[in-house]
Amino acid sequence: MIVDITVVADAEEAARLVAERLADQARAGGSIVLTGGSTPKRAYEIAAELEPDWSGVDVWWGDERCVPPDDDRSNFGMAKEALLDRLAVAPRSVHRMESVEQYERELAGVGTFDLVLLGLGPDGHVASLFPGFPTLDVTDRDVVATPAGHEPFVDRITLTLPRLRDTRELLFLVTGPDKADAVARAFTGEPSRETPGSLVRAAYGPTRAILDSASSAKAVSGTGMSSK
Ligand code: 6PG
């Protein structure tokens, strides 16, 4: 399935595009799955400025590191500081990942997500689905536990491939030169268990990738790629 790729000059511009999409979804309401890592922080800050009322949104996460919520490595903690604490009107619901059982319970009966946001690791991982790990083969669960395949090396909780695909839109945000190989493999290569990013596509709508010029440097052109 084609990934609609947009390349912008730098990380700030990429963050702004993603923030605009988040703000639009906040206005429309619905379910948004946030991603962890450091790249989305700026997008979250801008999104809170563009639309401070998230009262129509149910907020979920694609993965979490098993650390307390106020730990620097917490994906929830990052989003709280960059986005949730800056909103004038809080989301309708905020679903922090605490354990596999708790998240499966909270997700039970929840239908297709409206927007799933994902980053991409330099090794091609998405959420906490790492290259070659058995978690890639799980098709009968929404949530699984996994050891880390990348830093920070703390245990993780992650949505599975089928649950991440169950969305009306999937949006990747990837910046920086260390991601150039992974970007080429994930968005313009053949699907492969060695590059989990190549295995996640929205089942019910577009899959888009917002890249800066550094991360897109090795991607083959001509696959739905456009520059802004
Ligand atoms: C996590 C993630 C992970 C992340 C990538 C990119 O919890 O680590 O959700 O999949 O998106 O590792 O992270 P950076 O933005 O920090 O490079």
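**The ligand and its surroundings**

Tutor: An oxygen atom of the ligand lies 2.8 Å from an N or O atom in the side chain of R65, which makes a polar contact, a pair of N or O atoms within 3.5 Å. This is a predicted model, in which local features need pLDDT of at least 70 and side-chain atom pairs count only at pLDDT 80 or more, while totals for chains, interfaces and linings use all residues. Residues are numbered from 1 along each chain as its sequence is written, and side-chain values use heavy atoms, with hydrogens and water left out.

Ligand oxygen atoms also lie 3.4 Å from a polar side-chain atom of R156 and 3.3 Å from a backbone N or O atom of G36. The protein covers 90% of the 420 Å² of accessible area that the ligand has on its own (by the Shrake-Rupley method with a 1.4 Å probe).

Around the ligand there are 15 residues, each with a heavy atom within 4 Å of it, and the closest are T39, D63, N75, H125 and A127. By class, this shell has three nonpolar, eight polar and four charged residues; Ala, Val, Leu, Ile, Met, Phe, Trp, Tyr, Cys and Pro count as nonpolar, Asp, Glu, Lys and Arg as charged, and the others, Gly among them, as polar.

The ligand sits in the largest pocket, meaning that more than half of its atoms lie within 2 Å of the pocket's grid points. A pocket is an open set of points on a 1 Å grid over the protein atoms alone, where a 1.4 Å probe fits, with protein on both sides within 12 Å along at least five of seven lines, and lining residues have an atom within 4 Å of a point. Of the 26 lining residues, G36, G37, S38, R65 and H125 are the closest to the pocket's centre.

Note on methods: A polar contact is a pair of N or O atoms within 3.5 Å; within protein, one must be able to donate a hydrogen and the other to accept it, and residues adjacent in sequence count only if both atoms are side-chain atoms.
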